[in-house]
Amino acid sequence: MRQRYLLAYDVADPKRLRRVFTAMKGFGDALQYSVFRCDLSEVEKLKLKGRLLEIIKEDEDRVMIVDLGPAGGRGE
């Protein structure tokens, strides 16, 4: 089952910021420059987290992932 997530990030370094934005385009739709809506399976969510952890510096950057519930059967 796919869940809908809202993902927002604040990345301190411009180079890492571009890398995060580019990585996120493969997982969801940009709502704003640093906010994405993603419909993901559990495996996809784990891949997303792994990809972000490869890019960000946990002591400088922030990423928030909010579970919005099931993706199917929703209106926009």
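Of the 76 residues of the protein chain, 32% count as buried, a class defined by a relative accessible area under 20%, with exposed meaning over 50% and partly exposed the range in between (1.4 Å probe, protein chains only). The model is a predicted one, in which local features need pLDDT of at least 70 and side-chain atom pairs count only at pLDDT 80 or more, while totals for chains, interfaces and linings use all residues. Residues are numbered from 1 along each chain as its sequence is written, and side-chain values use heavy atoms, with hydrogens and water left out.

The protein chain contains two helices and four strands, arranged from the N terminus as β-α-β-β-α-β; helices (H or I, at least four residues) and strands (E, at least two) are DSSP runs numbered from the N terminus. The radius of gyration is 12 Å, close to the 11 Å that the globule rule gives for 76 residues, so the chain is as compact as a globular protein of that length. This radius is taken over C-alpha atoms, and the rule is 2.2 Å times the number of residues to the power 0.38. The C-alpha trace spans about 40 × 25 × 20 Å along its principal axes. Among contacts (heavy atoms within 4.5 Å) between residues at least 6 apart in sequence, 72% join residues at least 24 apart.

Seven salt bridges are found in the whole structure, each being a side-chain nitrogen of Lys or Arg within 4 Å of a carboxyl oxygen of Asp or Glu. One of them joins the side chains of E60 and R16 at 3.0 Å, N to O. This pair links distant parts of the chain, with R16 in helix 1 (residues 14–25) and E60 in the loop between helix 2 (42–55) and strand 4, 44 residues apart. R16 is buried at 8% relative accessibility, whereas E60 is partly exposed at 41%. R16 also forms a salt bridge with D61, the closest N and O atoms being 2.9 Å apart; D61 lies in the loop between helix 2 and strand 4, 45 residues from R16. D61 is buried, with a relative accessible area of 3%.

A further salt bridge connects E42 and K45, with closest N and O atoms 4.0 Å apart. Both residues lie in helix 2, three residues apart, about one turn of the helix. E42 is partly exposed at 47%, and K45 is buried at 16%.
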